[in-house]
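Me: Before we look at any single feature, could you take me through how such features are read, one term at a time?

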Amino acid sequence: VLVLASNSLPKHHTDALVPWDLAALEPYQPQYLAGFRAEGYQVELRDAFGDARDQMDRIIARDVRFDIGGDRQRIHQIETQVSDVTFKHLLLPIWTAAYKFRGESYRFVVNARTGRVSGERPYSAWKIAIAVILGLLVAGTVGYIAAMNEMQSF
């Protein structure tokens with residue numbers, strides 16, 4: 001179970017960088033970081049275990065619901081027990097960057113292994129409004145043509 005041990009990166013951005021190629025993990029060597037700034041862990045082990053446990057509990061609850069099946073289930077209690085708990089600190093290759101656009105700062109992160117990107121971006125309100133209006137016009141035109149064809153078939 002991977003737990004983000006950084007407080008400086010938004011969790012919703014880093015969660016979007018999966019999958020990680022954990023089978024290709026290498027033992028740490030200082031030259032991997034030569035010329036790069038790296039961040040050490042900022043989350044205490046006890047807190048990280050709590051986050052990991054929350055992730056595991058959500059997956060277990062989902063699996064229990066799936067195994068029961070049906071539209072609705074009544075699950076009053078789920079008891080789980082963990083054993084042989086271990087941990088490893090991992091350095092995963094994430095590039096972070098920020099840019100300014102019209103005075104606003106936007107951050108993004110990149111999975112340096114897969115190239116997957118997650119972050120913030122500016123939205124253009126007038127472009128969104130035009131797209132919605134065009135979509136409504138197209139839907140209205142298609143509906144009108146369909147109604148006219150329906151009337152001609154009578």
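Reply: Let us begin with how elements are named: helices (H or I, at least four residues) and strands (E, at least two) are DSSP runs, numbered from the N terminus. With that convention, Gly40 falls in the loop between α1 and α2. This is a predicted model, in which local features need pLDDT of at least 70 and side-chain atom pairs count only at pLDDT 80 or more, while totals for chains, interfaces and linings use all residues. Residues are numbered from 1 along each chain as its sequence is written, and side-chain values use heavy atoms, with hydrogens and water left out.

Me: How many salt bridges does a search of the whole structure find, and how should I read them?

Reply: Side chains of opposite charge can pair when their charged atoms come close. The criterion here is a side-chain nitrogen of Lys or Arg within 4 Å of a carboxyl oxygen of Asp or Glu, and the search of the whole structure finds four such bridges. One of them joins Asp15 and Lys11 at 3.2 Å, N to O; these residues are four apart in helix α1 (residues 11-15), so about one helical turn separates them. Asp15 is partly exposed at 43% relative accessibility, and Lys11 is partly exposed at 44%. In helix α2 (residues 45-68), Asp57 and Arg53 are likewise four residues apart, and so about one helical turn lies between them; their closest N and O atoms are 3.3 Å apart. Another bridge links Arg62 to Asp63, with the closest N and O atoms 3.0 Å apart; Arg62 counts as exposed at 51% relative accessibility, whereas Asp63 is partly exposed at 33%.

Me: Which residues line the second largest pocket?

Reply: On a 1 Å grid over the protein atoms alone, a pocket is an open set of points where a 1.4 Å probe fits, with protein on both sides within 12 Å along at least five of seven lines, and lining residues have an atom within 4 Å of a point. The second largest pocket is lined by Phe101, Arg102, Glu104, Tyr106, Pro122, Tyr123, Ser124, Trp126 and Lys127, and the elements that give two or more residues to this lining are β2 (104-111) and α3 (125-152). Arg102 itself is in the loop between β1 and β2, where it has a positive phi of about 50° although it is not a glycine.

Me: Which residues form the nonpolar patch on the surface?

Reply: Patches are made of residues with over 30% relative accessible area and no salt bridge, like charges being joined within 9 Å and nonpolar side chains (Val, Leu, Ile, Met, Phe, Trp, Tyr) within 5 Å. The nonpolar patch consists of Trp126, Ile130, Ile133, Leu134 and Leu137, which together have about 540 Å² of accessible area, a quantity that comes from the Shrake-Rupley method with a 1.4 Å probe, with only the protein chains shown counting as cover for residues. Leu137 is placed in helix α3 and, at 52% relative accessibility, counts as exposed.

Technical notes:
Buried < 20%, exposed > 50% of the residue type's maximum accessible area, 1.4 Å probe, protein only.
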